[in-house]
Amino acid sequence: MRLLLNGEERDVADVVTIADLVAVLGLDARKVAVERNLEIAPRSTYGDTALAEGDRIEIVTFIGGG
């Protein structure tokens, strides 16, 4: 499947949901925010939100510090 991920076209395999994408990218779902087609996806829906060819995905990773 081809997605626009953080502004770059990217082919991803074996990805059906946002949760799958986060896992394939090796990210911790508790530390990211995901926007799909200009709408914020609540973390509780990552496993239920299906991705489709051409979706625009923005992922922001939270980094702690002081």
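User: Why is Thr49 called buried?

Analyst: Buried means under 20% relative accessible area, exposed means over 50%, and partly exposed lies in between, using a 1.4 Å probe and protein chains only. Thr49 has 16% relative accessibility, so Thr49 counts as buried. One thing to keep in mind: this is a predicted model, where local features need pLDDT of at least 70 and side-chain atom pairs count only at pLDDT 80 or more, while totals for chains, interfaces and linings use all residues. Residues are numbered from 1 along each chain as its sequence is written, and side-chain values use heavy atoms, with hydrogens and water left out.

User: Where does Thr49 lie, and which residues is Thr49 in contact with?

Analyst: Thr49 lies in the loop between β4 (39-41) and β5 (56-61). Strands here are DSSP runs of E with at least two residues, numbered from the N terminus. Contact means heavy atoms within 4.5 Å. Leaving aside neighbours within four places in sequence, Thr49 is in contact with Val16, Thr17, Ile18 and Arg36.

User: What does the side chain of Thr49 reach at 2.8 Å?

Analyst: The side chain of Thr49 reaches the backbone oxygen of Thr45 at that distance, 2.8 Å. A polar contact is a pair of N or O atoms within 3.5 Å; within protein, one must be able to donate a hydrogen and the other to accept it, and residues adjacent in sequence count only if both atoms are side-chain atoms.

User: Which way do β1 and β5 run, and how many bridges join them?

Analyst: They run parallel and are joined by 2 bridges. Leu5 has Ile57 as its bridge partner in β5. On β3 (residues 32-36), the pairing with β5 is antiparallel, over 5 bridges.

User: Why is the pair of Glu9 and Arg2 called a salt bridge?

Analyst: A salt bridge is a side-chain nitrogen of Lys or Arg within 4 Å of a carboxyl oxygen of Asp or Glu. The side chains of Glu9 and Arg2 meet at 2.5 Å, N to O. Asp11 and Arg2 meet the definition too, at 3.0 Å.

User: What about Asp28 and Arg30?

Analyst: Their closest N and O atoms are 2.8 Å apart, and they form a salt bridge. Salt bridges that share partners join Arg2, Glu9 and Asp11 into one network. The structure holds 4 salt bridges.

User: Is Glu9 called buried or exposed?

Analyst: Glu9 has 55% relative accessibility, so Glu9 counts as exposed. Arg2, at 35%, counts as partly exposed, while Asp11 is exposed at 52%.

Definitions and conventions
Helix = DSSP H or I, 4+ residues; strand = E, 2+ residues; numbered from the N terminus. Pairing = 2+ DSSP bridges.
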